[in-house]
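Hello,

Here is the structure I promised to pass on. Have a look at it first, and then read on for what turned up.

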Amino acid sequence: MKKEINLEDFKSISVYELLLDRFVSLFFIVSSILSLLPIIHILFGTVFLGLPVIIEEGIAFIIEPPPPPGDGLGGIGPSLVGTFLSSIISLIISIPVTIGTAVFIVEYPYSIFSRLLRMCVKALCEVPTIIVSLVVYSIIVVPLRTFSVFAGSIALFIVMLPYTVTSVSSLLENVPFTYKEAGYSIGMDRFNMVFRIMLGIIKRGLVMSFLLGLLKCMGETAPLLFTLGGSSRFSYPSSLFEPADALTLLIYDFAMSPYENWIKIAWGASCILILIYVGLYVLINKLFKEIEL
Amino acid sequence: MYREDIRFLLVTIIPSIIVLFFLGVTVYVLIKESIDIFSYEGLFFILGSKWSAMENTIGVYSIFPQLLGSFISSIIAIIIALPMSIGTVVFINEYAPRRISNLVSSILLIASGFPTVIYGLWGMRFLTDLVKNYLAPFLYNHFRFIVIFSCTPNPGGYSILTAGILLSIMAVPYITTVINEAYKSIPHKYREGIYSLGALRYQAVLTLLGIIRPAIMGAILLGLGRAFSETVAVTMVIGNVPNKSLCILESGQTITSLIATQFGNSGLFPLMSNALYGAGLLLLIIGITLSLVGIYLITRWRMML
């Protein structure tokens with residue numbers, strides 16, 4: 001039997017539904033503005049409060065050691081050096097370890113050890129950074145009996161490692177198989193094939209991954225809390241096995257101190273950190289536009 | 001096996017063992033250092049509510065208030081951040097023109113990697129004022145009958161609520177990224193199907209959000225894990241006094257801020273550093289469980305798609 005088509009079922013959209021549509025749209029737009037507002041405020045607030053301090057001190061701000069509490073302005077020289085030193089050392093350690101691990105994960109994908117490794121990298125990614133600090137304190141700072149740049153670098157290395165391994169192994173996985181075949185067909189062994197051909201193909205992505213890792217290191221605070229020292233921010237570190245300071249530690253300590261001039265220094269230091277961070281980030285994106293991570 | 005292949009294996013397996021070694025050492029050190037406190041205090045370490053180095057001769061350490069503080073502040077963070085993140089994801093994908101949506105995503109990407117100490121500094125300067133002058137008095141005056149708003153607000157604005165709000169600001173970029181990835185991976189046929197039925201935009205969006213519900217659950221857990229293990233920013237705004245009640249307008253303490261503030265002088269007292277390592281072990285277990293369950297939910301949802 002033929003069913004009658006009732007036109008009433010296709011009635012037009014009600015006013016109520018149209019209003020609801022507008023209302024829900026409004027919610028989405030407002031919520032996205034609300035989520036961006038604090039971020040933009042943080043960016044500009046830091047620059048507005050920090051830049052005057054930097055301008056007031058001029059070039060001395062990035063050379064001089066910080067002032068004594070409550071009296072005058074100085075700079076953040078030693079902390080800046082400590083930040084660069086510790087993050088660059090951790091980067092240097094992490095390059096061979098990252099590449100080796102990532103190659104292992106990609107080249108032996110079905111072995112039990114490689115699966116275990118994948119899981120461990122995932123887990124290491126989620127280890128709270130303050131725990132890394134506790135552990136490095138107990139395995140490096142206690143035996144050496146001093147806070148040191150070395151300990152700080154190891155802590156940063158552990159924090160950075162899972163991120164770089166993940167991104168490098170995903171880069172390696174995306175290398176087309178024909179390149180491998182071509183490598184083997186001209187008589188290369190596995191070592192040469194991976195380290196000459198595959199790493200050559202992902203060269204740009206490799207540089208980008210490590211730069212992002214460096215960026216992450218420079219912004220970390222918690223891993224350095226019990227490893228780098230921090231209190232030695234009034235003089236430049238003279239060796240890798242001596243305590244040093246980092247920008248982030250300086251900001252953390254000075255912001256919680258009651259002294260006006262230290263808080264001002266903290267804002268200046270934050271401004272420098274933000275400028276370095278955003279500058280490097282924009283640079284990376286400009287240089288490596290076509291690579292998706 | 002050829003000689004060259006052995007060279008290859010050695011070059012790759014040694015770094016891999018280093019990675020495994022660090023994870024193993026982390027677990028080993030935390031267990032070894034905290035075994036004393038667990039054998040001495042037992043379950044009281046988790047369920048008791050007193051942190052005092054001067055009590056008895058060797059001190060009494062228990063971390064229930066800090067555990068509670070961690071949970072409450074991260075839950076506040078997720079409650080605030082989740083609707084904002086979902087709104088942002090929908091805005092990026094459905095409403096904004098391409099240029100604006102690119103701009104928004106790149107701002108969020110930058111913000112997700114921002115040094116956390118800068119969030120903390122900003123929170124101390126601006127957020128505490130906001131809470132002290134507007135939010136806390138308002139909540140206290142109008143909603144005093146609810147137990148979490150029932151105490152007199154902290155005069156400086158340093159409270160669990162402040163920490164929760166700051167954590168939510170930090171969680172939004174992360175949660176947005178996770179949900180956005182899921183939203184983008186919905187097959188196009190669903191969208192076509194919904195619109196072909198004559199759905200309005202909001203109906204289509206709500207249906208699509210329904211499809212990614214497991215991924216949203218995963219994002220919630222991942223965000224909770226992140227918020228739970230965040231250290232520096234929380235320490236700077238929470239006030240660092242063990243909280244006495246469920247009230248969120250008072251100063252409080254989280255496990256991470258306990259470790260960050262107490263570890264420096266823990267060498268002076270016999271059992272204190274063991275207690276802090278114990279707290280770290282709990283933090284590790286809870287944080288990793290939350291995150292890994294979150295990752296599991298998202299991957300399982302991807303498989304089902």
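Helices here are DSSP runs of H or I with at least four residues, strands are DSSP runs of E with at least two, and both are numbered from the N terminus. Please keep in mind that this is a predicted model, in which local features need pLDDT of at least 70 and side-chain atom pairs count only at pLDDT 80 or more, while totals for chains, interfaces and linings use all residues. Residues are numbered from 1 along each chain as its sequence is written, chains are lettered from A and ligands numbered from 1 in the order in which they are written, and side-chain values use heavy atoms, with hydrogens and water left out.

Let me begin with one residue in chain A. A:Phe104 sits in helix H2 of chain A. Why does A:Phe104 count as buried? Because its relative accessibility is 4%, and buried means under 20% relative accessible area, with exposed being over 50% and partly exposed in between (1.4 Å probe, protein chains only). Setting aside residues up to four places away in sequence, A:Phe104 touches A:Ser111, A:Phe113, A:Ser114 and A:Leu117 from chain A, plus B:Leu9, B:Thr12, B:Ile13 and B:Ser16 from chain B; contact here means heavy atoms within 4.5 Å.

Now to the interface itself. Chain A puts 78 residues into the contact and chain B puts in 73. Together they bury about 6900 Å², of which 82% is on carbon and sulfur atoms; buried area is the accessible area (1.4 Å probe) that two parts lose on being put together, summed over both. How many salt bridges are there between chain B and chain A? The count is one, a salt bridge being a side-chain nitrogen of Lys or Arg within 4 Å of a carboxyl oxygen of Asp or Glu. The partners are A:Asp189 and B:Arg7, whose closest N and O atoms are 3.7 Å apart. On the side of chain B that touches chain A, helix H1 (residues 3-41) of chain B gives the largest share, with 21 residues. By class, that side has 52 nonpolar, 14 polar and seven charged residues. In this scheme Ala, Val, Leu, Ile, Met, Phe, Trp, Tyr, Cys and Pro are nonpolar, Asp, Glu, Lys and Arg are charged, and the others, Gly among them, are polar.

There are also 10 residue pairs in polar contact across the interface (both at pLDDT 80 or more). A polar contact is a pair of N or O atoms within 3.5 Å; within protein, one must be able to donate a hydrogen and the other to accept it, and residues adjacent in sequence count only if both atoms are side-chain atoms.

A:Tyr277, in helix H10 of chain A, is worth a look too. A:Tyr277 is buried, at 6% relative accessible area. Leaving aside neighbours within four places in sequence, A:Tyr277 is in contact with A:Leu215, B:Ile110, B:Gly113, B:Phe114 and B:Pro115. A polar atom of the A:Tyr277 side chain lies 3.1 Å from the backbone oxygen of B:Gly113.

Helix H9 (residues 247-256) of chain A is mostly covered, with eight of its 10 residues buried. Among them are A:Leu249, A:Tyr252 and A:Phe254. The cover includes helices H2, H8 and H10 of chain A as well as H5, H10 and H11 of chain B.

Turning to chain B, you will find 12 helices and two strands. Of its 305 residues, 56% count as buried. Its C-alpha atoms fill a box of roughly 75 × 75 × 30 Å, taken along the principal axes.

B:Thr254, in the loop between H10 and H11 of chain B, is buried at 2% relative accessibility. Its contacts, leaving aside neighbours within four places in sequence, are B:Gln66, B:Gly69, B:Ser70, B:Ser73, B:Val234 and B:Ile238. B:Asn240 is in the loop between H10 and H11 of chain B and has a positive phi of about 55 degrees although it is not a glycine. In chain A, A:Arg145 has a positive phi of about 60 degrees, again without being a glycine. A:Arg145 lies in the loop between helix H4 (129-144) and helix H5 (149-173) of chain A and is exposed, with a relative accessible area of 77%.

Best wishes
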